[in-house]
Amino acid sequence: FSYPSLLARRIIPRAIREGKRVILANHGTFFEYFGNRKNPIFKVLKTLGEKIIIKPLSRYAGRITVHTQTSFQTTVYESMGIGQDSIVELPQNNVDFSEYKAGKPGGKFTVVFLGRIAKSKGVDLLAEVIHQNPEFRFRIIGNGPLLKKLMKLTHDTSAEIYGYTSDSEKKRILEESDLMIVPSLFDSLSIASIEGLASGLPLLVSETAEGPKYILGKNGIFGRILERDARSFSEQIRLYQSYRKKDPVAYYKDKLKRREIALSIFDVRKIEEALYKSFTSAVSPAEPKEEKLETPDFAYVRD
């Protein structure tokens with residue numbers, strides 16, 4: 001199952017009774033959506049969802065494997081009674097770092113946004129940041145229900161809104177950029193952030209977005225976690241621009257180092273290998289339990 005739902009809650013016990021092994025993945029959940037909304041009713045819905053969907057599954061410890069994307073998601077399952085030996089934490093993504101490049105700094109300082117143009121991705125905040133920083137170049141890649149609204153909000157700015165682009169065009173824009181902004185209200189992982197790191201870009205992410213926060217928690221060079229307001233983002237953009245202006249060579253070396261570190265953690269080949277080994281173990285109970293899984297240092301696997 002790709003995410004916890006009422007349907008999964010009903011079918012998983014039946015599958016286990018039939019002798020099947022079950023993997024419950026966590027690719028987009030109500031945890032992040034409800035957990036970071038201001039209205040208290042969403043907090044209540046999050047608690048109810050966890051107790052109704054997840055808590056009853058804890059009785060099947062040892063016969064169910066839960067794949068989480070972040071430590072935030074892991075904590076939720078642990079708090080609901082899912083045992084440590086049933087959790088595999090790996091940030092699954094499809095980013096092949098060999099297809100991305102870190103471009104050398106030059107020209108006007110460029111800030112890029114990559115993602116779905118929707119409320120959850122922080123479109124309103126993005127528009128505020130653009131208005132507060134007319135001296136910088138903003139390039140927006142993505143499509144979604146609020147694309148027309150964003151175009152209207154930024155019609156009197158120099159922001160370049162591309163909408164949907166080809167994969168090669170997207171990678172070219174990332175290579176030519178200096179910084180990525182991730183103003184999401186919530187985000188389960190943020191593959192766009194990993195794509196930014198593949199191009200060596202420092203990330204500015206919202207403190208309410210658990211996925212991007214998890215990514216930045218891996219290494220301080222990846223960027224900054226900020227209060228979710230335009231002023232905080234604007235201040236950091238100016239600091240990075242000042243750094244690039246003062247020492248472009250050092251800025252470029254940081255991009256290369258950032259990309260190198262991210263490659264060792266998030267590249268799709270490493271992730272797929274770790275997932276394959278973890279899931280093979282989950283569905284092959286005959287395999288000796290004492291055998292350690294050979295997973296990368298970053299993988300949080302409880303065996």
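Lys 20 is partly exposed, with a relative accessible area of 45%. Its salt-bridge partner is Glu 18, and the closest N and O atoms of the pair are 2.8 Å apart. This is a predicted model. Across the whole structure, a search finds 19 salt bridges. The points below cover several of these bridges, then a nonpolar surface patch, a helix pair, one backbone angle and some distances.

**Salt bridge between two loops**

- Lys 121 pairs with Asp 187 in a salt bridge, with 3.1 Å between the closest N and O atoms.
- Lys 121 sits in the loop between β4 (110-114) and α5, and Asp 187 sits in the loop between β7 (179-182) and α8 (191-198), so the bridge ties together parts that are 66 residues apart in sequence.
- Are these two residues buried or exposed? Lys 121 is buried, at a relative accessible area of 19%. That value falls under the 20% cut-off for buried residues.
- Asp 187 is also buried, at 9% relative accessibility.

**Salt bridge between two helices**

- Lys 149 forms a salt bridge with Asp 124, and their closest N and O atoms are 3.3 Å apart.
- Lys 149 belongs to helix α6 (residues 147-153) and Asp 124 to helix α5, so this pair links distant parts of the chain, 25 residues apart.- Lys 149 counts as partly exposed, at 39% relative accessibility.
- Asp 124 counts as partly exposed as well, at 39% relative accessibility.

**Salt-bridge network**

- Which residues are linked in a network of salt bridges? The members are Arg 137, Arg 139, Glu 160, Glu 169, Arg 172 and Glu 176.

**Nonpolar surface patch**

- A nonpolar patch lies on the surface. Leu 6, Ile 41, Val 44, Leu 45, Leu 48 and Ile 52 form this patch.
- Together these residues have about 520 Å² of accessible area.
- Which helix gives the largest share of the patch? Helix α3 (residues 40-54) does, with 5 residues.
- Val 44 is placed in helix α3. Val 44 is partly exposed, with a relative accessible area of 43%.
- Gly 49 is buried, at a relative accessible area of 14%.

**Helix packing**

- Helix α5 (residues 123-132) packs with helix α10 (residues 230-246).
- The angle between them is about 50°, and their axes are 9 Å apart.
- Helices α5 and α10 are therefore oblique to each other. An angle under 35 degrees would count as roughly parallel, and one of 65 to 115 as roughly perpendicular.
- What is the handedness of the crossing of α5 and α10? The crossing is right-handed.

**Loop and helix around β7 and α8**

- Ser 190 has a phi near 85°. That is a positive value in a residue other than glycine.
- Where is Ser 190 found? Ser 190 lies in the loop between β7 and α8. The loop between β7 and α8 also holds Asp 187.
- Ser 190 counts as buried, at 6% relative accessibility.
- Ser 193 is found in helix α8. Ser 193 is buried, with a relative accessible area of 0%.

**Distances across the chain**

- Ser 193 and Phe 222 are 29 residues apart in sequence. In space, their C-alpha atoms are 9.6 Å apart.
- His 155 has its place in the loop between α6 and β6 (160-163). His 155 is exposed, with a relative accessible area of 63%.
- How far apart are the C-alpha atoms of His 155 and Lys 213? They are separated by 31 Å, and the two residues are 58 residues apart along the chain.
- Gly 49 and Ser 199 are 150 residues apart along the chain. Their C-alpha atoms are separated by 38 Å.

Technical notes: Residues are numbered from 1 along each chain as its sequence is written. This is a predicted model: local features need pLDDT of at least 70, side-chain atom pairs count only at pLDDT 80 or more; totals for chains, interfaces and linings use all residues. Side-chain values use heavy atoms; hydrogens and water are left out. Patches are made of residues with over 30% relative accessible area and no salt bridge: like charges are joined within 9 Å, nonpolar side chains (Val, Leu, Ile, Met, Phe, Trp, Tyr) within 5 Å. Accessible areas come from the Shrake-Rupley method with a 1.4 Å probe; for residues, only the protein chains shown count as cover. A salt bridge is a side-chain nitrogen of Lys or Arg within 4 Å of a carboxyl oxygen of Asp or Glu. Helices (H or I, at least four residues) and strands (E, at least two) are DSSP runs, numbered from the N terminus. Buried means under 20% relative accessible area, exposed over 50%, partly exposed in between (1.4 Å probe, protein chains only). Axes are lines fitted to C-alpha atoms, for helices over the stretch in contact, and angles run from 0 to 180 degrees between N-to-C directions. Angles under 35 degrees count as roughly parallel, over 145 as roughly antiparallel, 65 to 115 as roughly perpendicular and the rest as oblique. A crossing is left-handed if the near helix is turned anticlockwise from the far one by less than a right angle, and right-handed if clockwise.
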